[in-house]
Amino acid sequence: MARSRTLELVSKYESNRNSTLNLIPSENVLSFDVLKALGSGMAGRYAGKPESYAGSKIFHELWNDTEELSRKVFHCRFANVLPVTGHVAGMMSISALCKRGDDLATISADFGGYRGYNDGYIPSVMGLKVSYLPYNARFCNIDLNGALELIDKDKPSIVILGATVFLFPHPVSKIAGAVHSYGGKLIYDGSHVLGLIAGGCFQDPLSEGADVLLGSTHKTLFGPQGGLILTNDEDIAMEIEERALYTFVDNFHLNRVAALGVALEETKIHAASYARRVIQNSKALATGLYDKGIRVEGQENGFTESHQVFLNYGTKGEQIRDALETNGIISDSKVRLGTNEVTRRGMGTREMNGISDLVVQTLSGSKSPRIRKDVRTLVSRYKKIQYTLES
Ligand SMILES: Cc1ncc(COP(=O)(O)O)c(C=O)c1O
């Protein structure tokens, strides 16, 4: 029987990742039920609106249920599950709220904003001019007075809050007030913090005044990779819906929508306790690192209110990422450490202290096989995924 080289690589990848400690804040681990929906026969099928494809009635029921679950989990009136990624959710929302030549204000990627909204990326394709909200690097947040001044002066059609390096809630209500005063719109990209928002533990952008809340469904929300758009504004919801099919997606991956439905069922039960624990764990990890002599951003405000701990190694980031990987600790080159996956695997503040030891030993130049072994042992003790329909 022929063996698949691709499947061999998949299995090699899985066994490597299963023996390492994943601290990437953009990722999470999927439950068996979510994987089952993702790998179901819905993969590879089509459905549309109106129902142009025969055989899709049951999917339409599931699609409606998933939208309803999204509305319930995020306490809003309209939900759109079509975007195949968070980036596409951003494009769909921007396109619904702006026209060519309009101005957009957002956070610069130099300060942790999402690069996709910066000049040269989505705004360039859509013909939008970009300005950057002043940022207070010391407090790791938007400089509110500076931002209000810029908004008052430039009156951008849209302002996008939310970030890639996202430690503290953004000043949504004040910025919403300024943007709405001249008829502008406020988008909040909650890609990183959607699971924390679902748990009521970060901030509630829609009730604070954002017109649109969007995000990836796979970072702190433990769904399949995909995107979600939420709003209370019927006109915006209609505009997004009308532009979605055939502009941003055609086949929108039915299996992904099914997997999102399952993840939202899990979220509905567990969001609050999961989100609380994620934040407790990041605070514990940040404190552990700081107490052992590591510089951790956000010290002025207690390091973090999210799933992220930011070590900010600048141009040395890749070196640090590689050193951590040598010892089996998986991070990114910024260097942000995320507690979302380890929390879902059941780890608590005691384990965070242990992880801070392993990170500190690595950062002090140690490459001893003992650290790699300790990482393997820790990971092997937390294989069972928590916050599922059975737990
Ligand atoms: C703030 C923010 N928005 C959007 C995205 C893009 O999300 P996705 O990977 O789901 O397209 C990212 C990527 O991590 C992000 O950090």
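At what angle do helix α6 (residues 144-154) and helix α7 (residues 172-180) pack, and how far apart are their axes?

## Basis of the description

This is a predicted model, in which local features need pLDDT of at least 70 and side-chain atom pairs count only at pLDDT 80 or more, while totals for chains, interfaces and linings use all residues. Residues are numbered from 1 along each chain as its sequence is written.

## Helices α6 and α7

The angle between α6 and α7 is about 10 degrees, and their axes lie 9 Å apart (axes are lines fitted to C-alpha atoms, for helices over the stretch in contact, and angles run from 0 to 180 degrees between N-to-C directions; helices are DSSP runs of H or I with at least four residues, strands are runs of E with at least two, and both are numbered from the N terminus). Because of this angle, α6 is roughly parallel to α7, a term for angles under 35 degrees, whereas over 145 counts as roughly antiparallel, 65 to 115 as roughly perpendicular and the rest as oblique.

Leu144, Ala147, Leu148, Ile151 and Asp152 of α6 make the contact with Lys174, Ile175, Ala178 and Val179 of α7, where two residues are in contact if their C-beta atoms, placed from the backbone, lie within 7 Å. By class, this contact of α6 with α7 holds 7 nonpolar, no polar and 2 charged residues (Ala, Val, Leu, Ile, Met, Phe, Trp, Tyr, Cys and Pro count as nonpolar, Asp, Glu, Lys and Arg as charged, and the others, Gly among them, as polar).

Helix α3 (residues 57-73) and helix α11 (residues 254-291) have axes that come within 9 Å and cross at roughly 35 degrees. The crossing of α3 past α11 is left-handed, meaning that the near helix is turned anticlockwise from the far one by less than a right angle, clockwise being right-handed. The residues of this contact between α3 and α11 comprise 11 nonpolar, 4 polar and 4 charged.

Helix α14 (residues 349-363) and helix α15 (residues 369-380) pack at about 155 degrees with their axes 10 Å apart, and α14 is therefore roughly antiparallel to α15. The crossing of α14 and α15 is also left-handed. In this contact, Glu351, Gly354, Leu358, Gln361 and Thr362 of α14 meet Ile371, Asp374, Val375 and Leu378 of α15, a set that divides into 4 nonpolar, 3 polar and 2 charged residues.

## The seven-stranded sheet

An open sheet of 7 strands runs in the order β2-β10-β9-β8-β7-β3-β4, with mixed pairing, two strands being paired if DSSP finds at least two bridges between them. The edges are formed by β2 (78-80) and β4 (129-132), each of which has a single partner strand, so one side of each is left without a neighbour in the sheet. On average, neighbouring strands of this sheet are turned by 20 degrees against each other, direction ignored.

Strand β3 (residues 103-106) runs parallel to β4 and is joined to it by 4 bridges; Thr106 has Tyr132 in β4 as its bridge partner. Helix α10 (residues 234-244) packs on the sheet, where it touches β2, β9 (212-216) and β10 (227-231), and its direction makes about 20 degrees with that of β2.

## Backbone exceptions

Most residues other than glycine have a negative phi, and most peptide bonds are trans. His253, in the loop between α10 and α11, has a positive phi of about 70 degrees although it is not a glycine. The peptide bond from Lys334 to Val335 is cis, with omega near -10 degrees, and Val335 is placed in the loop between β12 (329-330) and β13 (336-338).
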